[in-house]
Each structure stands twice: as C-alpha cells, then as structure tokens.
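Please open the structure in your viewer and keep the selection tool at hand.

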Amino acid sequence: MELIFELSSPGRGAHAQHPPVAADLSVVPSALRRASPPKLPEVSELQAVRHYTQLSRRNFSIDTHFYPLGSCTMKYNPRACNRLAMLPEFLGRHPLAPESHSQGYLACLYELQEMLREVTGMAAVSLTPMAGAQGEFAGVAMIRAYHRARGDEARREILVPDAAHGTNPATATMLGYVAREIPTNAQGDVDIEKLKAAVGPQTAGIMLTNPSTLGVFERRIKEIAGIVHAAGGLLYYDGANLNAILGKVRPGDMGFDVIHMNLHKTFSTPHGGGGPGAGAVGFSERLKPFMPIPIVGKAETRSDNGSSPAFPESRIPGPESRRYRWLTEKDLPQTIGRLSAFMGNAGVLLRAYVYARMLGREGMHRVAEFATLNANYLQARLKAAGYDLAFPTRRASHEFIVTLKKQKQELDLTATDVAKRLLDHGYHAPTVYFPLLVPECLLIEPTETEDLQTLDAFVEAMISIWNEARTDMSKLKGAPWTLPVRRLDDVRCARQLDLRWTPG
C-alpha cells in the first residue's frame, strides 16, 4: 500500500478542512517560528479519506479477526460496558471532586471490590494499581511490608517457577529480592522435591499462577501452600489466567495470600496496545494492614454524635443510610502507600464493574467453562491433525501448548513459519516461543467468547499449514504473502528500525 506522501501532487489540497490561522503571529516568539512550511503531503480530501479508511481495514483487531493469543486473553468485550462507563456523569466527574458529590461512583467501586473479593476468596481488594505489573509490585510490596513489620529481615528470596511470566522475577528484583527459580517436571507441575529443598528462613514467598503458563492446573497447589507457609513464606498469585477458574475455584481457598487481577483482560477492557489497564489486588487478613490506598470504605452516617464505625468492616442495610469514602493513610497507617496520583484507572474499573454485574455469579462460571471447553476442543482437534502437544497427558485449562520441536528437526518448520502463514488465512498468531522452556512452541488460547464455527475454521487453517509443510515449504518460509509488509528480518528491525520517509 502506498504511503500518503506518495499520493502527493504539488498544489493539491483540501482547503475547506484547513484550521483557521490567527492573523497576529506576534504572540509566537520568533525563535519558535518555522523558516519554511512543513513538508506535508498535498492530497485531496477524498484521497485522505480513502487512504486512512484503507489503513483501518488492514488493522488486526478483535472486531475483525480471531486472536488465539495465549496468555493475553484477546477476547471480545461487550460494547455495553464501554457505553455505561462513558455516561456523562462518570466522564464529567473530576478526580478531586468531594466524596459528597461522588457517592454513585464510589458505590460502584465498592461493589466491584466486594465482587472481586468474593470471587477470589480474599479478605479485601484494592483497585488502585493501574496495570498488571503494578498489581504485581503492590502484591510483593505487601509481602515485604509484612515480613518487615515482624522484624523478619532475613527473608531475601522470592521463589519463581521456571514457567512463570517474565514480570514475576522482574517484580521480585525491583523490590530488592533475589529471584530463585524452581523447575517444573515433565508433566508441567512444580517439582515438589526441588521446592522443599529451596525453602527456608530466607524465603519471603513464591510467585506463581494457577493454571500456569504451561496451560495446566497445578494439581498439588495445597501441598505447595503448606510447604511455603510452614517455612514462613507467603504465596502470591499472578492473576493473568484467572478466567480459567473464574467462579469455579478461588485462589484464597488454594492458600494464596495475595493476588493481582488483570481487570483489562478478565473483566472487559480490550487488552493490548500498552493500556489502559487495572491490576486490582486482593489479599488475606494478614496482609490487610499493608494494602495500597486509597480504597473505598462504607459506613453508616450517625446523627447522634457525627461519628461513624470503623472502615471498611461495617455493613449496614438500606441505600438511605449508606455513605462511602476513601480510606487513606489515616485509616491504614501501615499501608504500602499510593500507586498513582488519584485512585486507579476509573474507566477500566467502571467497565469491569459493569461486566461483573452483567455476568453475575452464574455468568462467571460460564466464563471458565467456555474458556476451558474451547481450549480442550482445539487441543483435541489439533492433536488429531498431527500436531504435537507439549503435555499430551494433561487436560488443557484455558490455553495449551503445541510444540514443533520434531518438525523443526525433520522439516525445518518453525513456530515463526506457522505464525506468519496464519496471517494469510486471516488469523492473528498465537503467542510464540513462550514459555521459553518449551522449544518451538505455540501457546494457543481461544478464550471464552469464540464460537464453534470460528474454532473449526482456525483448525482448518492449521491443517492447511500442516499439509503445506510437507508439500510446499516455500509458502511457509515466504509468508505472509497477502499483507502490505512481507516477512522482515526480526533482528535488523529491532536494531535498525527506520520509520522515516524521504522523497525519491
């Protein structure tokens, strides 16, 4: 596709769309004035409209394509969540508005806290973190605060399974801990004997997710919790894969002490593109004193002496007596502090609130059921088509891993080849080469929002690629063929990226 500069002709323009120019330019310092006009493309209005409309049609998005993007939950999100979060009363609210003018907004956040608390089995929830990584940071910071409050300064290690998300060891390191890797066994479970050998008085905690990034449920999670707790450590749950267990089993019941939740994945905000996000954290009773602030508390307003009961434990009936307010340092003197200028990412939190209310308790069950059903259906069909599974004896959770290790050796077929060829079939590629301990892997997550016809069409595309690998490998090595940009040199793109256009 042509660049808009290549459509340019001298003297052509869309003058009706020019912004008005102030006649008096004396207000602009001479040093800041252009010596010559900017070299912008000279195109008609129709050319500009067609050019950008055609560009938009080349975008891959959940509105146009299937994204089986493992570990990222690229699912469809109801437009009702956006519409309701954008009500004028929400959009027009200033973040410094007094609590007395924000009761409806605070009520929504309070109810979201309570729903997330219930579905995760935690004692309380803070919505303040503005990204999943910041939620991780908050969780480990609370673990650190807990040990420091007990005078237990010897705990300098965070255990991290080798299948963990890369942010886990990074977060531990940022907070001053040494990340110690724990291997997984051939079935995808944490190696219990290696874990027992690793724990000790130096152990602050362990960071893991369940199901793991290997796409399987950690079957001995209660035993793991017992081992870590017996050594004096705490358990942190990476909530990136929460949609696999939503409404079915709760991290708190597994023994976890703190969890972050990617509300921008599991609860409706479109994921990807660098934001916006929300990484709400839930925590057990022992970590409540250290929760990040502010959170929303609820109490009864009393007319007798103007006092109100302690936040946030009070529960009172009837909307007429409710009053919500922010809990701050005065209420939680041991808090790890504030993580943002205000109180979290309001738009993401409101979308999550609407989505949770739309789902209800039974709807959350169905999220986990369909996420798991879709993954196991795809796994079974791709296995029947000849693809090798990384863990063939395990039931998939919400995602599963295909490995091309054998095909790389026999046919020189790589995960990259499959990923690029999928683009020609109209599908975004799954996650490739992660987790790193599985060679030539494709981490496939269909999510809970895709229908059977879409899954079958994806399988047919994968079968077509499988057949091409044995009959015409050049179609795979040269892919993609149908996009504006052909296959690039990945290393050169990263090191010598050139996005400039210069006239020929």
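Begin by selecting β12 and β13, which pair in the antiparallel sense over two bridges. Helices (H or I, at least four residues) and strands (E, at least two) are DSSP runs, numbered from the N terminus, and two strands pair if DSSP finds at least two bridges between them. This is a predicted model, in which local features need pLDDT of at least 70 and side-chain atom pairs count only at pLDDT 80 or more, while totals for chains, interfaces and linings use all residues. Residues are numbered from 1 along each chain as its sequence is written, and side-chain values use heavy atoms, with hydrogens and water left out.

**First stop: around β13**

Within β13, select Leu 443, the bridge partner of Thr 431.

Now display the side chains of β13. In a regular strand, side chains alternate between the two faces of the sheet. Cys 441 and Leu 443 lie on one side of β13, Leu 442 and Ile 444 on the other, and all are buried (under 20% relative accessible area; exposed is over 50%, partly exposed in between; 1.4 Å probe, protein chains only).

**Second stop: the seven-stranded sheet**

Select the seven strands that form an open sheet in the order β1-β7-β6-β5-β4-β2-β3, with mixed pairing. At its edges are β1 (124-126) and β3 (178-182), each of which pairs on one side only. Neighbouring strands of this sheet are turned by 25 degrees against each other on average, direction ignored. Axes are lines fitted to C-alpha atoms, for helices over the stretch in contact, and angles run from 0 to 180 degrees between N-to-C directions.

Zoom in on β1 and strand β7 (residues 279-283), which run antiparallel and are joined by three bridges. In this pair, Ser 126 stands opposite Val 281.

Select Pro 211 in the loop between β4 and α8 (221-230). The peptide bond from Asn 210 to Pro 211 is cis, with omega near 5 degrees. A further cis bond runs from Phe 434 to Pro 435, with omega near 0 degrees; Pro 435 lies in the loop between β12 (431-432) and β13 (441-444).

Move to Thr 73, in the loop between α1 (45-57) and α2 (79-85). Thr 73 is not a glycine, yet its phi is positive, about 50 degrees. Is Thr 73 buried or exposed? Thr 73 is buried, with a relative accessible area of 2%.

**Last stop: the cavities**

How many cavities of 30 Å³ or more does the structure hold? The structure holds four. A cavity is a set of points, on a 1 Å grid over the protein atoms alone, where a 1.4 Å probe fits but cannot get out; lining residues have an atom within 4 Å of a point.

The largest cavity has about 90 Å³ of space. Select residues from its lining, including Pro 161, Thr 184, Leu 208 and Glu 218. The second largest cavity has about 50 Å³ of space, and Ile 401 is one of its lining residues. A volume is the space filled by probe spheres set on the points, and grid points are joined across faces, edges and corners.

Definitions and conventions. On a 1 Å grid over the protein atoms alone, a cavity is a set of points where a 1.4 Å probe fits but cannot get out, and a pocket is an open set with protein on both sides within 12 Å along at least five of seven lines; lining residues have an atom within 4 Å of a point.
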